[in-house]
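Please read it alongside the sequence and the coordinates.

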Amino acid sequence: MVSKTLYDKLWDSHLVDENEDGSSLIYIDRHVLHEVTSPQAFEGLRLAGRTPWRLDTNIATPDHNISTDRLEREAGVAGIPDHVSRIQVQTLDDNCDHFGIKEFKMNEMGQGIVHVMGPELGATMPGMTVVCGDSHTATHGALGCLAHGIGTSEVEHVLATQCLVSKKMKNMRVTVDGELGPGVTPKDVILAIIGKIGTAGGNQHAIEFAGSVFRKMSIEGRMTVCNMAIEAGARVGMVAVDQRTIDYCEGRQFVPKGQLWEQASEYWRTLVSDEDAVFDIDVSLDAVEIIPQVTWGTSPEMVAPVTANVPHPDSQPSSDLRKGVQQALDYMGLVAGMPITSIGVDRVFIGSCTNSRIEDMREAARVAKGRVVASTVKQVLVVPGSQMVKAQAESEGLDKIFKAAGMEWREPGCSMCLAMNADKLGDGEHCASTSNRNFEGRQGSGGRTHLMSPAMAAAAAVAGHIIDVRPWLLEGSVTGVSQ
Amino acid sequence: MKAFTQHEGIVAPMDRANVDTDMIIPKQFLKSIQRSGFGPNLFDELRYLDHGQPGQDCRSRPVNPEFPLNQARYSNASILLAQKNFGCGSSREHAPWALEDYGFKAIIASSYADIFYNNCFKNGLLPVILTEPEIAVLFKTLYEQEGFTLDIDLSAQTVTSDAGLVFQFELDQFRKECLLNGLDEIGLTMLKADRIESYERDRAEQHPWVFGAIK
Ligand code: SF4
């Protein structure tokens with residue numbers, strides 16, 4: 001039998017039809033919808049007189065432009081201050097009601113950022129194909145499924161036909177072996193990978209993250225890693241199924257029980273790359289060399305260890321790269337050669353589909369506990385990724401730790417990850433952020449984003465500038481990486 | 001979908017690598033529930049000197065004279081010449097909608113982010129891939145020659161300059177057919193409804209837990 005990669009297996013098991021030129025019809029098991037990329041798709045369905053092919057595959061929730069302010073949230077959809085946002089959220093509710101699609105509405109238990117909510121409810125399971133009109137859909141690949149973002153026309157195509165016209169990608173494996181040092185988290189691992197392969201390194205490839213570091217990593221940590229596969233240019237990131245995957249799934253709301261559970265979990269165990277499977281590209285990193293990472297520029301590949309200095313344009317090999325670095329430094333208001341730790345922060349954002357799960361909240365709380373936010377920092381937002389994360393964090397008293405430190409504990413949503421609601425950076429402000437993109441203006445017009453882990457962001461909030469969190473954490477293990 | 005067969009038009013430069021979708025259409029404009037009307041806000045932050053808001057009349061906004069699309073020589077451009085990894089970042093289809101709404105018919109770059117590339121085809125916008133040296137030649141000629149136009153022929157898969165330079169490009173045959181004929185992909189897939197149904201029957205037998213859980 002031909003050896004297959006995990007991606008090959010997932011692809012083959014969902015192939016409905018193949019054209020001569022290799023473009024194929026792929027069956028979609030789970031379709032996750034949110035308010036921003038779905039309205040035009042529903043409108044398209046209506047105009048063509050079509051209805052969804054299957055209802056029990058779709059799951060929806062609003063996340064991108066809802067308020068994270070408690071009082072505004074309590075006022076319901078009518079309380080969304082920006083009227084264009086309000087119409088968009090209302091349109092999602094109306095479309096889901098009209099077509100009979102299961103939606104976790106704004107204030108319902110279960111609501112959350114699409115990529116936090118899907119896995120946590122067990123709506124996404126190993127072996128599935130999962131799509132959503134959002135590029136960070138790769139997150140779900142942490143469970144050993146084939147998950148990727150799609151555009152709005154494709155949202156409509158999946159609604160109408162349960163299939164997607166797709167072309168098989170190539171296989172890429174990123175292996176990280178060895179032991180991570182204390183204070184080095186999944187976020188640092190993925191940022192280091194992006195620093196190594198670049199933001200286009202994974203274009204047209206599906207990345208499988210392999211090696212002892214990922215085997216030992218919790219499922220939530222794997223989600224942080226897979227989430228940012230897109231920042232490495234790959235639509236798909238995934239990790240093979242193991243006992244941790246199965247344990248994570250067991251007992252979740254939409255996961256099968258009894259006899260079906262036995263059958264499903266037995267199948268899921270086969271979802272690993274065959275030992276002699278061949279990858280088109282193989283990259284490896286040594287875990288001991290990874291130290292906490294911080295981005296200094298306007299692309300996730302503009303990343304450096306916290307102990308480094310901001311690079312000099314002249315150190316770049318080509319004139320294009322020199323120009324790019326200079327443009328980034330100008331935008332970020334940084335001087336070449338300055339230590340990363342001398343960068344002051346005006347605001348801090350702990351949240352987003354990259355780092356807003358319970359382990360991220362614990363990691364940040366561990367640093368915040370018994371400390372206070374520096375007086376020079378204007379605002380620290382801690383935004384849980386879902387209603388369930390929020391409830392869990394509150395039951396552990398994490399909200400109290402954050403508030404005692406002078407941080408704001410918010411309602412679940414995307415928040416300052418992309419600033420479609422009121423949570424924004426001001427012009428020229430620096431932000432220590434646990435999100436995934438540091439593009440110009442991503443967190444607010446003129447805002448300057450530095451991507452890092454939740455522990456590093458919490459430490460920056462306390463110090464008032466970027467700082468190496470490791471000495472603060474020497475007392476023990478870090479969450480996200482089960483020891 | 002609109003068909004694309006052949007197009008000749010003025011070329012405008014977007015001379016930086018990694019142009020992300022937020023640069024193409026900033027997020028505040030994603031709140032619209034329409035498919036059209038994004039053209040005036042294409043490259044909003046680069047194009048205007050103030051901060052754009054949805055629903056504004058863009059004709060009275062201060063424009064950035066440095067930005068190519070604001071310069072007379074590029075004012076009727078319908079082909080965008082760009083650098084590598086164009087369209088990276090989010091999956092927003094608003095990016096091709098904005099380019100198309102502005103009046104662009106084609107983009108030429110050395111590489112694209114996968115999702116953006118895919119989205120272009122759904123909207124009758126042709127993303128042409130040429131090599132980096134070819135792109136460099138085109139940028140040079142574009143800057144030297146006012147009113148620089150190119151002729152793109154999808155059937156022949158060629159880009160031709162008025163000075164007779166011809167560049168060949170590659171793309172999937174399926175995508176090419178759809179674009180040439182303006183075919184509706186959903187309609188095409190619906191023709192295979194039987195296959196989809198039989199796949200579903202097999203799957204429901206083998207992996208029954210995939211069905212019926214969400215109600
Ligand atoms: S948290 Fe940010 S990256 Fe994630 S889905 Fe929301 S906006 Fe997109």
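How many cavities of 30 Å³ or more does the structure hold? The points below begin with that matter and then turn to pockets, cores and selected residues.

1. The model is a predicted one, and it holds three cavities of 30 Å³ or more. By class, the lining of the largest cavity is made up of eight nonpolar, ten polar and four charged residues.

2. The largest pocket. This pocket has a volume of about 1,100 Å³. It is lined by 50 residues, with A:Glu301, A:Leu321, B:Ala17, B:Asn18 and B:Lys84 lying nearest its centre. The lining of the largest pocket divides into 19 nonpolar, 18 polar and 13 charged residues.

3. Elements around the largest pocket. In chain A, helix 7 (186-197) and helix 12 (319-332) each supply at least two residues of the lining of the largest pocket, as do helix 4 (114-121) and helix 5 (132-144) of chain B. Helix 12 of chain A gives the largest share of this lining, seven residues.

4. The second largest pocket. About 760 Å³ of space lies in the second largest pocket. Among the 30 residues that line the second largest pocket, A:Lys167, A:Gln204, B:Tyr117, B:Asp172 and B:Arg175 are the closest to its centre. The lining consists of ten nonpolar, nine polar and eleven charged residues. Strand 8 (163-167) of chain A, and helix 4 and helix 6 (173-181) of chain B, each supply at least two lining residues. The largest share, four residues, comes from helix 4 of chain B. Helix 4 of chain B also supplies at least two residues of the lining of the largest pocket.

5. Nonpolar cores. The largest nonpolar core has 113 residues, of which B:Phe43, B:Phe86, B:Leu99, B:Ile108 and B:Leu126 touch the most other members. Helix 16 (residues 454-463) of chain A contributes the largest share of this core, eight residues. Apart from this core lies another, of 101 residues, which includes A:Val131, A:Ile194, A:Met223 and A:Cys226.

6. Surroundings of B:Phe86. Leaving aside residues up to four places away in sequence, B:Phe86 touches B:Met14, B:Val19, B:Ile24, B:Phe43, B:Leu80, B:Leu99, B:Ile107, B:Ala109, B:Ser111, B:Tyr112, B:Ala113 and B:Phe116. Two of these partners, B:Phe43 and B:Leu99, are named together with B:Phe86 among the residues that touch the most other members of the largest nonpolar core.

7. Helix 6 of chain A. Helix 6 (residues 152-161) of chain A is mostly covered, with ten of its ten residues buried. The buried residues of this helix include the charged pair A:Glu154 and A:Glu156, along with A:Thr152, A:Ser153, A:His157 and A:Thr161. Just after helix 6 of chain A, A:Gln162 adopts a positive phi of about 65°.

8. A:Cys163. Is A:Cys163 buried or exposed? A:Cys163 counts as buried because its relative accessible area is 0%, under the 20% cut-off. A:Cys163 lies in strand 8 of chain A. Residues up to four places away in sequence not being counted, A:Cys163 touches A:Val16, A:Leu25, A:Ile26, A:Tyr27, A:Ile28, A:His157, A:Val158, B:Thr189 and B:Ile196. A:Cys163 and A:Asp29 are 134 residues apart in sequence, with a C-alpha to C-alpha separation of 8.9 Å.

9. A:Ser218. This residue is found in the loop between helix 8 (212-215) and helix 9 (219-227) of chain A. A:Ser218 is classed as buried because its relative accessible area of 5% is under 20%. A polar atom of the side chain of A:Ser218 lies 3.0 Å from the backbone nitrogen of A:Gly221.

10. Chain B as a whole. Chain B contains eight helices and seven strands. Along its principal axes, the C-alpha trace of chain B spans about 65 × 40 × 25 Å. Of the 215 residues of chain B, 57% count as buried. Among contacts in chain B between residues at least 6 apart in sequence, 64% join residues at least 24 apart.

Methods. Residues are numbered from 1 along each chain as its sequence is written. Chains are lettered from A and ligands numbered from 1 in the order in which they are written. This is a predicted model: local features need pLDDT of at least 70, side-chain atom pairs count only at pLDDT 80 or more; totals for chains, interfaces and linings use all residues. Side-chain values use heavy atoms; hydrogens and water are left out. On a 1 Å grid over the protein atoms alone, a cavity is a set of points where a 1.4 Å probe fits but cannot get out, and a pocket is an open set with protein on both sides within 12 Å along at least five of seven lines; lining residues have an atom within 4 Å of a point. Grid points are joined across faces, edges and corners, and a volume is the space filled by probe spheres set on the points. Buried means under 20% relative accessible area, exposed over 50%, partly exposed in between (1.4 Å probe, protein chains only). A polar contact is a pair of N or O atoms within 3.5 Å; within protein, one must be able to donate a hydrogen and the other to accept it, and residues adjacent in sequence count only if both atoms are side-chain atoms. A nonpolar core is a set of buried Ala, Val, Leu, Ile, Met, Phe, Trp, Tyr and Cys residues joined through side-chain atoms within 4.5 Å. Contact means heavy atoms within 4.5 Å.
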